[in-house]
Amino acid sequence: MDSKTIIVSNRLPLQLNLEDGALQMKPSVGGLATGMKSVHKDGNGIWIGWSGLTEEELDENIAKNVKELAAKEKCVTVSLTQYDVDNFYYGLSNRALWPLFHYFMEYTEFEKEYWESYKTVNQKFADVVLEHVEDGDQIWIHDYQLLLLPEMIRQHKPEVSIGFFLHIPFPSYEIFRSFPWREELLLGILGSDLIGFHTYDYERHFLSSIKRILRLDVNFNEITYDQRIVRVDSFPMGIDYKKFHDAAKSHRKLCSEERSELQQKLDEHIKSKKNTKLILSIDRLDYTKGIPNRIRAFEYFLNKYPEFKEKVRLIMLSVPSRSDVPQYQLLKKETDELVGRINGEFSSVNWTPIWYFYRSLPFDNLVDLYSSADIALITPIRDGMNLVAKEYVATRTKKDGVLILSEMAGASKEMNEAILINPNNFEQIADAIKTALEMPLEEQISRNNLLQKRLKRYSVEKWAHEFMKSLKATKHIAKVVVSEELDDYQKELMLQKFKNAENRLLLLDYDGTLTGFQDNPQNAGPNDELLTLLDKVNALDRTEMVIISGRDRETLERWFKGRAYSLITDHGVWAKEKDQSWKPLERLRTDWMENIRPVLETFVDRTPGTFIEEKKYSLAWHYRKADPELAQIRTNELNTVVTSLISNNELTVLNGNKVIEIKSSSVNKGRAASYILSKKNYDFVLAVGDDWTDEYMFEEVPEGSYSIKVGFQKSKAKYYIKNTQDVRELLGFIAKSL
Ligand code: GDG
């Protein structure tokens with residue numbers, strides 16, 4: 001069967017009504033539902049989500065009925081209890097994540113019970129997805145209620161493509177870090193192959209948290225994690241431009257009796273007060289939308305420019321939302337009072353400055369409001385995108401009208417032709433209102449022209465299409481950039497070749513290959529388990545085991561004292577072959593160190609968490625514990641400074657795993673490997689290493705060798721293996737194979 005796309009969101013795009021035990025259902029017409037239509041209707045795609053009715057509200061018959069009606073719309077329901085809704089939805093989602101991600105720290109409630117419920121409900125969603133998903137399918141998960149879902153699915157279905165899109169802002173690391181279960185949340189999202197945000201700023205904040213909290217490697221917009229590449233990108237969501245534009249056009253053509261009651265009222269108003277302009281705002285009644293600020297700024301405007309009294313009216317549509325959460329109840333009270341106070345203070349016999357509606361209106365009324373307003377005043381304190389701003393512009397069929405938009409809305413990034421304001425600056429908002437009221441028609445038209453062009457081109461359908469295209473492409477990148485996995489089959493083949501060979505050579509890097517990384521490199525010596533393993537490998541017949549490391553001779557000598565291992569140290573300066581004494585492979589000068597050391601010291605001083613490791617023939621600057629972004633800046637700087645200081649290519653700067661090492665150019669593990677290889681005719685060669693310095697070794701080993709990179713990263717090695725644990729396991733097999 002063909003692969004399919006599964007969309008998952010908290011709510012299904014269905015409106016269900018249960019009246020006197022009778023169930024009514026109709027598809028909802030929101031922006032997301034429209035955008036996803038092409039994705040959803042294609043082939044045998046399905047949409048998984050909650051119906052909006054709890055288990056307690058549904059008896060067995062109605063529940064069955066809901067399932068059947070949903071199935072007709074290619075929807076599958078996730079069943080939630082009242083407890084789930086109270087704790088997962090009203091609790092963690094709307095009292096912790098929503099305020100936190102919108103920078104309302106003081107509104108957050110980090111209750112353990114909410115968090116437990118969030119996990120349980122995400123698992124309920126995962127169970128339903130797992131019932132329906134097959135290998136080769138794509139899954140597109142939406143929004144902050146389901147941050148743990150990608151990983152929950154990945155655990156059971158590692159091969160499916162998972163995309164995640166966040167509709168709200170991703171906050172800066174300084175905010176995000178305060179969430180008590182921040183690691184789990186990030187790891188949950190990282191189950192995805194593609195993570196989408198509305199703007200580059202949210203993307204950058206997310207990557208910053210990934211680097212700082214999980215300490216993962218990020219390469220531009222790609223995260224290497226769990227042997228996968230996770231791509232992060234921004235996809236600014238658009239609207240169904242045609243729907244709004246065409247509706248406005250057809251409304252204009254209606255004769256007065258055919259017009260809606262609301263439109264007739266608006267027409268009447270416009271006719272009777274020729275010089276009065278209408279300012280419109282529409283939003284859910286949410287503290288992120290800056291409603292009180294907007295009212296206060298309007299009051300400020302009326303005081304600052306009293307000549308506009310009776311000449312302008314603010315129409316505010318506030319749609320009821322989350323009224324179970326106390327902050328929303330308080331906001332309702334505050335808004336009611338502010339509107340009352342200002343209307344009381346400024347109204348005259350002929351004029352009330354604010355018309356305030358607290359309700360939701362049908363689509364046609366929305367279009368009436370949009371197309372009758374001279375100005376849209378959209379002032380959120382924080383907003384992921386804000387579609388209202390885009391919808392207003394789309395309805396301006398004559399291209400007149402002015403959009404005043406908060407720079408805190410994601411939409412502001414693409415809507416430069418709007419008048420952009422800071423929602424906390426009343427002075428600026430008052431001036432913007434004045435500018436908008438007085439803006440010449442030609443200027444309005446030229447601004448809207450550009451805005452409309454963009455909205456038309458990057459519609460919500462295009463947005464969905466771009467996301468899906470990118471999701472399909474991510475599967476591809478994950479495969480092409482890295483080596484092949486040394487899986488069980490390859491391992492078996494390798495062991496066969498090993499057994500059949502006459503002369504075998506094993507070149508083993510030490511740090512990051514035989515042992516994991518330690519914060520202090522001095523503590524990374526071998527434990528008994530590793531020594532026992534190496535002893536066994538070293539004792540194998542016609543097998544040469546060489547530990548080839550960047551460490552200095554003294555350290556390896558101390559660690560492997562009394563053991564007849566072949567050792568190569570300092571990246572290839574010194575060699576000690578089995579049962580022989582040390583000899584230099586390269587003659588080196590070290591006088592350059594005197595000049596470079598003070599330079600490195602200035603980097604240590606300016607970069608907390610870093611330190612210098614002095615080796616006999618090289619200097620290493622370790623930055624594993626430093627702030628990753630600062631470290632990135634400093635490594636670039638250090639590369640430039642050092643390269644400008646050294647002459648005749650005498651020194652090489654090696655970018656290792658969270659370390660920069662400066663050493664003489666004539667030494668590297670590749671040359672050392674060649675030296676060993678030249679001594680005998682080996683018919684089995686295995687080279688294992690984890691960082692850049694090992695790449696020289698991978699380059700030198702002959703065709704047909706087993707070169708293995710530890711970790712899922714770009715490499716010249718033929719194979720990759722997950723971690724040091726797997727390296728040890730592989731050596732264990734080798735030790736037992738003869
Ligand atoms: C979240 C993010 C992001 C409003 N009132 C009525 C009505 N609406 C429709 C509008 C618009 C939608 O609701 C509101 O969308 P927004 O984008 O403005 O805001 P949120 O609801 O907070 O949405 C936001 C969005 O997700 C998408 O990713 O932009 O930042 O917070 O489409 O037209 N529709 C009808 N009657 C109303 O009274 N029919």
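Modeller: In helix H7, which covers residues 182-189, the buried residues are Leu 185, Leu 186, Gly 188 and Ile 189. These four lie on the same side of H7, because the arc they cover around the axis is only 155 degrees. The model is a predicted one, and that should be kept in mind for everything that follows.

The residues of H12 that are buried, which is to say under 20% relative accessible area, are Gln 327, Tyr 328, Leu 331, Thr 335, Leu 338, Val 339, Ile 342, Asn 343 and Phe 346. Because these residues cover an arc of only 125 degrees around the axis, they sit on the same side of H12.

Helix H16, residues 441-457, can be treated in the same manner: its 17 residues should span 24 Å at 1.5 Å a residue, and the end C-alpha atoms are 24 Å apart, in agreement. Its buried residues are Gln 444, Asn 448, Leu 451, Gln 452 and Leu 455. Seen down the axis of H16, the buried residues fall within an arc of 105 degrees and therefore line one face of the helix. The other side of H16 has Glu 442, Lys 453 and Arg 457 as exposed residues. Helix H15, residues 426-438, holds Ile 429, which counts as buried because its relative accessibility is 0%. The C-alpha atoms of Ile 429 and Ser 406 are 9.3 Å apart in space, while the two residues are 23 apart in sequence.

From the helices the account can turn to the ligand. The shell around the ligand has 21 residues, and those that come nearest are His 167, Leu 361, Asp 383, Met 385 and Glu 391. Strand E12 (277-284), strand E13 (312-319), helix H13 (363-372) and helix H14 (387-394) each supply at least two residues of this shell. By class, the shell residues comprise 12 nonpolar, five polar and four charged. A nitrogen atom of the ligand has a backbone N or O atom of Leu 361 at 2.5 Å, an oxygen atom of the ligand has a backbone N or O atom of Gly 384 at 3.0 Å, and an N or O atom in the side chain of Glu 391 is 2.4 Å from an oxygen atom of the ligand. The ligand taken alone exposes 730 Å², of which the protein buries 80%.

The loop between strand E15 (375-378) and H14 contains Asn 386. Its phi is near 90 degrees, which is a positive value in a residue other than glycine, and Asn 386 is buried, with a relative accessible area of 7%. Another residue with positive phi is Tyr 103, at about 65 degrees and likewise not a glycine. Tyr 103 is in the loop between helix H3 (82-101) and helix H4 (112-132), and it counts as partly exposed because its relative accessible area is 24%.

Arg 589 is 165 residues from Asn 424 in sequence, and their C-alpha atoms are 63 Å apart in space. That distance can be set within the whole chain, whose C-alpha atoms fill a box of roughly 105 × 65 × 45 Å along the principal axes. The chain has 25 helices and 30 strands, and 56% of its 738 residues count as buried.

Terms used: Residues are numbered from 1 along each chain as its sequence is written. This is a predicted model: local features need pLDDT of at least 70, side-chain atom pairs count only at pLDDT 80 or more; totals for chains, interfaces and linings use all residues. Side-chain values use heavy atoms; hydrogens and water are left out. A residue is near a molecule or strand if one of its heavy atoms lies within 4 Å of it. A polar contact is a pair of N or O atoms within 3.5 Å; within protein, one must be able to donate a hydrogen and the other to accept it, and residues adjacent in sequence count only if both atoms are side-chain atoms. Accessible areas come from the Shrake-Rupley method with a 1.4 Å probe; for residues, only the protein chains shown count as cover. Ala, Val, Leu, Ile, Met, Phe, Trp, Tyr, Cys and Pro count as nonpolar, Asp, Glu, Lys and Arg as charged, and the others, Gly among them, as polar. Buried means under 20% relative accessible area, exposed over 50%, partly exposed in between (1.4 Å probe, protein chains only). The arc is that of the directions from the helix axis to the C-beta atoms. The expected span of a helix is 1.5 Å times one less than its number of residues.
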